[in-house]
Amino acid sequence: MSEGLFDQPGACRFVVVAPTYNNAASLCAVLSQILALRLPLIVVNDGSTDGTANTLQEMSGDCEVLTHAINRGKAAAMRSGFDHSQQRGFTHVITIDTDGQHDVADVPRLIEAARAHPNALILGARDMWAADYPRASRVGRMWSNRFVYLESGVRLSDSQCGLRVYPISVLQLHARSTRYGFETEILTRCGWANIPVVETPIRCIYNLPGERVSHFRPWKDTAVGMCMHLRLLGRSFWPIPPRRTHAADDATTTGTIFERMLRWFNPMRAWRTIRHDPRERRRFALAVSIGVLIANLPLYGLQTLLSLLAA
């Protein structure tokens, strides 16, 4: 395996992990473009039954190949690549799909973002309003973004993009989802663990030569995804905090629903804000005066409702 162009002593060490399943038609071109960047490359053959094994055998001198005897799903392939990357001492894992949809030319931009934010998960953000963007994917992406925000407070424009840079610390988060759900669940768990998620615009290629091979099962995988979000929502209401890898501060807006509610009702946080922000002091004074006014109105039984409406 060649030494990476972006692999500098004493700094972040990057490796590309490319899970693949029956993408023989596009695999060689994608891997050749990655190798042209002189990045270390680990390919995980997830039980492919087409010509993938032959292609990887021809390129075995340029990359490492991990093989699953049977298809275990994208999540399992990524975990195998992550574990091997950690054993090799890499600090950051770049993931990319091998169906040709991602533009390898965007990888250096994500690496630069990872250098600027070494503790963050760097997430590619596709243009959702591009003319060739599938309508069904747009709807699913919008709902996924909303669920991730509700569960964790993490605001994203593209929670489903597979072109990413993971800090190796995400291995401690123990996302349980299989197949495609892993990539969405890990974003929610980053919010719970106070790991920042930074988006970087990327290009997505939909009009590929020949037919793009997708293994997404619309009905089944959507149902599995909904069950995953229900599980995460339930966990987000649980009062016991999840495992964290980074310390929280008063300014953080992420965390479980229970944690965000506690911060919202925390009087000390409000007091510190009032002390240091003249605008907040004016708002506080207005709120108190409105509260006193409502409390003294002869509308017995309606004061609580009026207070909620005013709030």
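## Phe-258 and helix α8

In this predicted model, Phe-258 is found in helix α8, which spans residues 257-265, where helices (H or I, at least four residues) and strands (E, at least two) are DSSP runs numbered from the N terminus. With a relative accessible area of 28%, Phe-258 is partly exposed; buried means under 20% relative accessible area, exposed over 50%, and partly exposed in between, with a 1.4 Å probe and protein chains only.

When its neighbours within four places in sequence are left aside, Phe-258 is in contact with Ser-236, Phe-237, Trp-238 and Pro-239, contact meaning heavy atoms within 4.5 Å. Arg-235 lies 23 residues from Phe-258 along the chain, and the C-alpha atoms of these two residues are separated by 9.3 Å.

## Basis of the model

Residues are numbered from 1 along each chain as its sequence is written, and side-chain values use heavy atoms, with hydrogens and water left out. Because the model is predicted, local features need pLDDT of at least 70 and side-chain atom pairs count only at pLDDT 80 or more, whereas totals for chains, interfaces and linings use all residues.

Strand β1 (residues 14-20) is largely enclosed by the rest of the structure, because seven of its seven residues are buried. Both of its faces are covered, with Phe-14, Val-16, Ala-18 and Thr-20 buried on one side and Val-15, Val-17 and Pro-19 buried on the other.

Two strands pair if DSSP finds at least two bridges between them. Strand β1 pairs with strand β4 (residues 92-95) in the parallel sense over four bridges, and within this pairing Phe-14 stands opposite His-92. Strand β1 also pairs with β2 in the parallel sense, over five bridges, and here Val-16 stands opposite Leu-41. From β1 the chain crosses through α1 to β2, and this β-α-β crossover is right-handed, a term that applies if, with the strands pointing away from the viewer, the path from the first strand over the helix to the second runs clockwise.

## Positive phi values in two loops

Arg-38, a residue other than glycine, has a positive phi near 60°. Arg-38 lies in the loop between α1 (24-36) and β2 (41-46), and it counts as partly exposed because its relative accessibility is 45%.

Asn-194, although not a glycine, has a positive phi of about 65°. Asn-194 is found in the loop between α6 (181-193) and β7 (197-201), and its relative accessible area of 12% means that it is buried.
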